[in-house]
Structure formats: structure tokens, C-alpha cells
Amino acid sequence: MEYENRTENPLGVLPVPVLLKKFAVPSIIAMLTSALYNIVDQFFIGNSVGALGNAATNIAFPLSTACISIALLFGIGGASAFNLAKGRGNEEEAVHCMGNAITGMVVLGCLLLCITQLFLEPMIRLFGAPDSIMEYAKTYIRITSLGFPVLILTAGGGHLIRADGSPKMSMICNVTGAIINTILDALFVFGFGWGIAGAAWATVIGQYISVMLVIRYLSHCKTVDLKPKHLKPAAGYMKTDVTLGAAACSNQLAMMVVQLVMNKSLTYYGGLSSYGQEIPLACAGIITKVNQVFFSIIIGISQGLQPIVSYNYGAKQYDRVKKGYLLAAKTGLTISVIAFLIFQIFPRQIIAIFGNGSEEYIRFAVSYFRIFLFFTFLNFIQPITSNSFTAIGKPGLGMFLSLTRQILFLLPLIVILPFFIGIDGILFAGPIADGLAGAVAVSLMHRELKRPEYQV
């Protein structure tokens with residue numbers, strides 16, 4: 001008999017390794033697919049427009065991060081609230097939290113779209129765009145912003161679909177859009193010669209197809225009956241969603257702030273170096289998106305862990321919570337070590353995928369890979385630990401951890417170190433921040449797992 005047909009929730013009875021595989025693998029594929037949107041655009045733009053196009057997509061990246069921050073605020077927040085309520089046996093609270101999460105994503109997505117369209121040029125200037133890439137950035141962002149509401153609902157809705165017990169469906173929603181995007185990228189950029197505008201339209205069309213699948217599922221959920229009345233904003237449910245999603249959201253917002261400062265610093269200190277303004281921006285954009293592929297796997301493991309931890313903590317099965325976290329951490333360590341070796345051994349080969357460049361371009365890219373990403377093998381600790389704290393209803397600790405690397409450590413280092421060693425200071429800020437953030441995460445989770453309820 002299928003576990004889904006039993007009265008007992010499989011989150012509370014199936015072996016933890018089986019559950020983690022069931023939920024994490026589709027989540028990883030979904031996250032990799034989301035990263036593929038950016039990678040595919042980068043590939044086609046880099047091989048058609050060149051380094052200036054790559055730099056323009058890097059200028060647009062903070063807005064993509066803003067979309068994901070909203071998606072995580074209500075996606076992870078709503079999913080955590082949903083699973084915690086289900087674990088306590090309160091189905092009515094669970095479905096209201098889900099409905100309010102959907103409403104929050106749609107409203108904020110439309111608001112971000114309007115702000116971007118109205119204040120596009122000042123925003124691009126704020127993001128650090130030099131004059132040489134201004135028109136490319138304006139073209140790309142004006143088009144891709146049309147997809148902001150559906151990007152948010154697709155990314156956030158995937159968390160709600162997983163929370164409802166359908167991780168494969170969440171994966172299908174993302175994969176379908178990414179496949180469409182890839183096909184249209186080739187057609188629009190190389191076939192029709194539309195350049196950066198073609199890549200932008202391919203992205204938007206893929207996102208709209210994905211969101212149709214998300215909406216179709218959420219209107220026919222597996223474990224609850226979501227109705228229009230559940231979409232009506234209610235302060236209590238909205239507060240629960242926002243509180244539990246704040247840690248994941250704040251991490252993304254912190255990434256956006258760091259990206260803004262990073263872009264301006266790369267432009268300024270690049271202009272003072274032999275690289276110039278455009279090379280550091282272009283290289284950083286490519287490498288950030290390549291690193292996002294690795295990070296997507298880690299986030300996918302973290303997201304797959306979320307319903308397991310939330311449900312079992314709500315059901316007071318603390319031994320399963322501990323087993324889930326430790327298994328996710330071990331898996332994350334293995335993936336992180338592999339990524340570290342790839343980034344250290346093959347940086348020149350990776351950068352070559354995204355078009356040709358001068359020797360200065362290649363030299364900076366190789367240095368960025370090998371220095372900025374040196375502590376990649378530690379980067380699994382913070383997201384898995386932060387999301388675990390949020391999933392067990394301790395969003396304060398989750399939020400603190402989500403801010404350690406980006407705001408407490410990386411941002412000050414990006415500002416301070418270049419005063420002494422120029423643009424190289426930006427590169428060395430990365431591994432220092434990674435090491436400090438990893439140490440804090442290990443310390444806090446060690447203290448949590450020493451609590452009496454985990455000692456079974």
C-alpha cells in the first residue's frame with residue numbers, strides 16, 4: 001500500500017533517508033532549473049553580445065535576487081507554517097497560511113514590477129552600471145521585469161507544492177519553463193538575431209508557462225482544499241508566514257545589498273586597475289551564476305529537509321529532526337567538496353563556456369574563482385542550519401544566521417579590504433566571510449542539538 005494512502009502522514013513514519021531523498025532530489029532539480037534560467041541567458045548573451053552583455057545581466061541580478069527574496073518570504077514561510085500546523089493536526093490553520101502566502105507573493109510581485117518599470121534608469125545607475133552597458137541593461141531589465149510576479153509565484157509556489165507532499169510536481173513546474181526558455185533562447189538569439197532582448201523574452205515566456213502549472217496544482221492540492229476564501233489576507237496568518245519566512249528572505253535581501261555594493265566596488269576599483277570597469281563586472285556576473293548552480297544543490301537539500309523537520313518537530317519526534325539535519329549536513333559537505341575541487345582545478349575551462357575574452361579577462365576570472373570561492377567546501381553549513389532553525393519555529397536564530405555571511409562579515413570586508421589592497425581586497429573578502437559564517441553556524445546548531453529533547 002502506498003504511504004500516501006495511509007492515515008499516518010509519511011513525514012512522521014517513513015525512514016528519514018528515504019524522506020530526504022524523496023523531497024530533496026526534486027527540490028535540487030527545481031533549484032538547478034531556476035539557476036539554469038540565468039546560466040542559459042549568460043551563455044547565449046556571452047556568445048552573441050559578448051562581455052558587455054554579460055556585464056549587463058550582472059547589473060540585472062539584484063532584481064532577480066529581490067524576486068527570490070519575496071518568493072522565499074512567503075514560499076518557505078508559508079510552507080513551514082503549513083507543515084507545522086499539519087504536524088499539530090490543525091488543518092484549517094494550514095490551508096489559511098498557504099492561501100495568505102499566495103496572496104502575499106502576487107501583491108508584492110506586481111508592486112516590484114511597477115517600481116522597476118517606473119524607475120528603471122535610476123535603479124540601473126544605483127546598481128553600478130557604467131555608460132558602456134546602460135542600454136543593454138535597460139533592454140534586458142525592462143523585458144524581464146514583466147515576468148517578476150510569475151517568477152515569484154513559481155519559485156514560492158514550489159515550496160507550497162512540496163509542503164503539500166508533491167515534490168515531483170514542484171520540479172516539473174520549474175523544469176518545463178527552463179526547457180522552454182532554453183529552446184527559445186537559441187531561436188530568438190541565434191535564429192532571429194534578437195540579441196539580449198531575445199534572451200529576455202525567452203526567459204519571460206518560460207516563466208509564464210511554469211506559473212500556469214503552479215496555479216493549476218494549487219487549485220487542486222493533494223492534502224487540503226484551497227478555496228478563494230483562504231486567499232483573503234488575514235493579519236494572523238500573514239504574520240505567521242512572514243515570521244517563518246523572514247530568515248530566508250533576509251538572506252536573499254542581504255545578497256542583493258552585497259551585490260549592489262560589490263558591483264559598485266568592482267566598477268570603481270576595476271577602473272583603477274589594469275582590468276578596467278567592464279571586465280570585473282562581466283567576470284563576477286558569470287562566476288556568481290556558476291556558483292549559483294552549486295548553491296542550488298545545497299539550497300535544494302535544505303528545502304527538501306524543511307517539511308521533514310517542520311512536521312516532526314511539530315509532532316515532537318525530535319530524534320527524527322536530529323537525524324534529518326545531520327544527514328542533510330553530511331550530504332551538503334560531500335557536494336561542497338566536489339564543487340571546491342571543480343572551481344580550483346577548472347576555472348579557465350568554465351569561463352570559456354561563456355564566450356572569449358582578453359588575457360586580462362581570463363586572468364581576473366581565474367583569480368575570482370580560486371580566491372573568492374576558496375571556502376566553497378564550508379558553504380553548505382549556513383543555509384542548511386539557518387533553514388532548519390526556521391523550520392522548527394525559531395525564525396530569530398534562522399534570520400541571524402542568514403545575515404552572518406552577507407551583512408555581518410562580507411559587506412564590511414568588501415568595503416574595508418580594497419582600501420588596502422585594491423580590487424584584490426574584494427576577492428579575499430569572500431573566503432574570510434565564508435569561514436566566519438561557517439564557524440557561527442556550527443556553534444549554534446551544536447548548542448541546539450545538545451538540548452534535552454534531542455538526547456534520545
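A cavity is a set of grid points where a 1.4 Å probe fits but cannot get out, and its lining residues have an atom within 4 Å of a point. The structure examined here is a predicted model. A search of the whole structure returned 2 cavities of 30 Å³ or more. The second largest cavity has a volume of about 60 Å³. Its lining consists of Val 309, Val 321, Lys 322, Tyr 325, Ser 388, Ile 392, Met 445, Glu 448, Leu 449 and Tyr 454. Two helices, α13 (318-345) and α18 (424-449), each contribute at least two of the lining residues. By class, the lining of this cavity comprises 7 nonpolar, 1 polar and 2 charged residues. Lys 322 and Glu 448 are among the residues that line the cavity.

Open space was also examined. The second largest pocket has a volume of about 240 Å³. It is lined by 13 residues. Nearest the centre of the pocket lie Val 290, Val 293, Ile 342, Phe 343 and Ile 350. Both α12 and α13 supply at least two residues of the pocket lining. The largest contribution comes from α13, with 5 residues. The lining of the second largest pocket is made up of 13 nonpolar residues, with no polar and no charged ones.

Helix packing was examined next, starting with α12. Helix α12 spans residues 278-314 and helix α15 spans residues 359-372. Their axes come within 9 Å and cross at roughly 40°. Angles under 35 degrees count as roughly parallel, so α12 and α15 are classed as oblique to each other. The crossing of the two helices is right-handed. On the α12 side, the contact is made by Ile 279, Pro 280, Ala 282, Cys 283, Ala 284, Ile 286, Ile 287 and Val 290. On the α15 side, Glu 360, Tyr 361, Phe 364, Ala 365, Tyr 368 and Phe 369 take part. The contact residues divide into 13 nonpolar, no polar and 1 charged.

The axes of α15 and α18 are 8 Å apart, at an angle of about 20°. The two helices are therefore roughly parallel to each other. Their crossing is right-handed. From α15, the contact draws on Phe 364, Ser 367, Tyr 368, Ile 371 and Phe 372. From α18, it draws on Ile 426, Leu 427, Phe 428, Gly 430, Pro 431 and Asp 434. This contact has 8 nonpolar, 2 polar and 1 charged residues.

Helix α4 (residues 91-118) and helix α7 (residues 148-163) have axes that come within 8 Å and cross at roughly 155°. Angles over 145 degrees count as roughly antiparallel, so α4 and α7 are roughly antiparallel to each other. The crossing of α4 and α7 is right-handed. Contact residues from α4 are Met 98, Ala 101, Ile 102, Met 105, Val 106, Gly 109, Cys 110, Leu 112, Leu 113 and Thr 116. Those from α7 are Phe 148, Pro 149, Ile 152, Leu 153, Gly 156, Gly 157 and Leu 160. By class, the α4 and α7 contact has 13 nonpolar, 4 polar and no charged residues.

Note on methods: Residues are numbered from 1 along each chain as its sequence is written. This is a predicted model: local features need pLDDT of at least 70, side-chain atom pairs count only at pLDDT 80 or more; totals for chains, interfaces and linings use all residues. Side-chain values use heavy atoms; hydrogens and water are left out. Axes are lines fitted to C-alpha atoms, for helices over the stretch in contact, and angles run from 0 to 180 degrees between N-to-C directions. Helices (H or I, at least four residues) and strands (E, at least two) are DSSP runs, numbered from the N terminus. Angles under 35 degrees count as roughly parallel, over 145 as roughly antiparallel, 65 to 115 as roughly perpendicular and the rest as oblique. A crossing is left-handed if the near helix is turned anticlockwise from the far one by less than a right angle, and right-handed if clockwise. Contact means heavy atoms within 4.5 Å. Ala, Val, Leu, Ile, Met, Phe, Trp, Tyr, Cys and Pro count as nonpolar, Asp, Glu, Lys and Arg as charged, and the others, Gly among them, as polar. On a 1 Å grid over the protein atoms alone, a cavity is a set of points where a 1.4 Å probe fits but cannot get out, and a pocket is an open set with protein on both sides within 12 Å along at least five of seven lines; lining residues have an atom within 4 Å of a point. Grid points are joined across faces, edges and corners, and a volume is the space filled by probe spheres set on the points.
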